[in-house]
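Reader: I would like to learn how to read a structure of this kind, one feature at a time. Could you take me through it with the general idea first and the case at hand second?

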Amino acid sequence: MGSDLSMWDELEALVGHASSTQALRAHGMHLFAARRWRAAGRTVPEELREDERRAAVLALAAPLLLEQVRGACDGRVMLMKGPEVAACYLDPSTRYYRDLDILVEDPRAVQRALISCGFAEGGRPEAFEDIHHLRPLVLPGLPLIVEVHHRPKCPPWLRTPSAGELMEMSVPSATRVEGLLAPSPAAHALLLAAHSWAHKPLGRLRDLVDVLAVLSHAERRAAHELARRWKWERMWTTTLAAADAILGSAPRPMWLKVWGRHLQPLRERTVFEDHLQRVAAPVYALKGGRAVRALGASLGEFAARYPGESRADQFRRTGRAVAHAFMDESAHALTVQAQSEEGT
Amino acid sequence: MLQLRTDGLNWRQIDDEIVALDSAGGAYLAINGPGALLWAPLVDGATPEQLANILVEAYGIDELQAAADTEAFLGSLGEQGLLAQ
């Protein structure tokens, strides 16, 4: 256990070959790159310095907000991701986060308690009706968002452990906020891997770094045992094989040469790669029959309309995705934003 | 003796810059150059003369200029309520 220093050296080499600052941002590695460049005597671009300032302010606000949250709630409160993961980094200031993910057993009561203490809800209510957390909360004057979860975010094809189950294997939070809990490092590493598969399967280098950084504080055997118990073995071993190959000296599996082409050298995924990898994720993360069933559901979800989206909007969105298939994701997002602002 | 507030004022150094969060006032500050140089002594407490001497040594400017710069910086901190009463 303990931080594997060689991982950080590998990471330095990877960011050194990144195709652009935008690619570093897309992979969540821009703060790490800035810090290493400065240490090497290189000039840090102003846009990254601005990112560093913003991240520093958020990191300064985090313990203040967490103390407010802990003080406002009865019952057990668990912090996932964000500062809890940052504490496992060789340099915590290089792990960026924008929100605080709180897991509790009675989220509605906690949400009410926080609102009564001055927190304000944001976002459209309908967007948070059937997802893993309630409407985001902000405390006026502090720049971080708090999200109260009733369960961690997992892909639909994995069984999600309950808040109670995770609480039973909790440890004190690394943030040192009194009374605040965190998932055990083994559970946390698994949750981070699952979260990554739910959003961008093996899409972002930071997700792999997070998993290995947290896992370095656990026994690997304990994580494997938990993955077996949760029936997450395939997802876990696939994640770990990718992380160990990209950030360590493990052999590179054949599938990673296709799936992880955007990781070495570090570049943004294209729109086509992003869609393909999200749809095909169950094939790599589940076994046999479960993979086939989940793939069917994944394809159905891909073809479905977003909530509230008209048929015309769905066609327009799909058409843009096809037209931009080989465009970087960020360029695609900017184009979509510009077009929607123009009303096209 | 002048000193930065200790309650609700949190900060960290990034390279040659200070990034501070004043949670009481809900303000964020980025301070670089001479201001960043004077920040650490002000955390512990220092007189205007001591601060001006730091500028003289660091930048090779004359004492009058250093005293004026120090006064301007302290005035700015005071306006933002960052100095202890």
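Reader: How many residues lie between S2(B) and S3(B) in their hairpin, and which residue in the turn has a positive phi?

Author: Before the answer, some ground rules: this is a predicted model, in which local features need pLDDT of at least 70 and side-chain atom pairs count only at pLDDT 80 or more, while totals for chains, interfaces and linings use all residues. Residues are numbered from 1 along each chain as its sequence is written, chains are lettered from A and ligands numbered from 1 in the order in which they are written, and side-chain values use heavy atoms, with hydrogens and water left out. Helices (H or I, at least four residues) and strands (E, at least two) are DSSP runs numbered from the N terminus, and two strands pair if DSSP finds at least two bridges between them. In the hairpin of S2(B) and S3(B), 4 residues lie between the strands, and Gly26(B) in the turn has a positive phi of about 65 degrees.

Reader: How many bridges join S2(B) to S3(B), and which way do the strands run?

Author: Strand S2 of chain B, residues 17-22, is joined to S3(B) by 5 bridges, and the two run antiparallel. Among the pairs, Asp22(B) has Ala27(B) as its bridge partner in S3(B), and Ile18(B) has Ile31(B).

Reader: In what order do the strands form the sheet, and why is one side of S1 and of S3 left without a neighbour?

Author: The 3 strands of chain B form an open sheet in the order S1-S2-S3, with antiparallel pairing. Strands S1 (9-14) and S3 (27-31) of chain B stand at the edges and have a single partner strand each, so one side of each has no neighbour in the sheet. From one strand to the next, the twist averages 15 degrees, where axes are lines fitted to C-alpha atoms, for helices over the stretch in contact, and angles run from 0 to 180 degrees between N-to-C directions.

Reader: Which helices lie across S1, S2 and S3 of chain B?

Author: Helix H4 of chain A (residues 46-72) lies across these strands at about 35 degrees to S2(B), and helix H1 of chain B (residues 34-44) lies across them at about 55 degrees to S2(B).

Reader: How many residues are in contact between chain B and chain A, and what area is buried?

Author: Contact means heavy atoms within 4.5 Å, and by that rule 14 residues of chain B are in contact with 15 residues of chain A. Buried area is the accessible area (1.4 Å probe) that two parts lose on being put together, summed over both; here it is about 1200 Å², of which carbon and sulfur atoms give 66%. In chain B, Arg12(B), Ile14(B) and Tyr28(B) lose the most area to chain A, together 40% of what that side buries.

Reader: How many salt bridges does the rule find across this interface?

Author: A salt bridge is a side-chain nitrogen of Lys or Arg within 4 Å of a carboxyl oxygen of Asp or Glu, and the rule finds 5 of them across the interface of chain B and chain A. One salt bridge is formed by Arg49(A) with Asp15(B), whose closest N and O atoms are 3.6 Å apart.

Reader: Does Gly33(B) count as buried, partly exposed or exposed?

Author: Buried means under 20% relative accessible area, exposed over 50%, and partly exposed in between (1.4 Å probe, protein chains only). Gly33(B), in the loop between S3 and H1 of chain B, has 32% relative accessibility and therefore counts as partly exposed.
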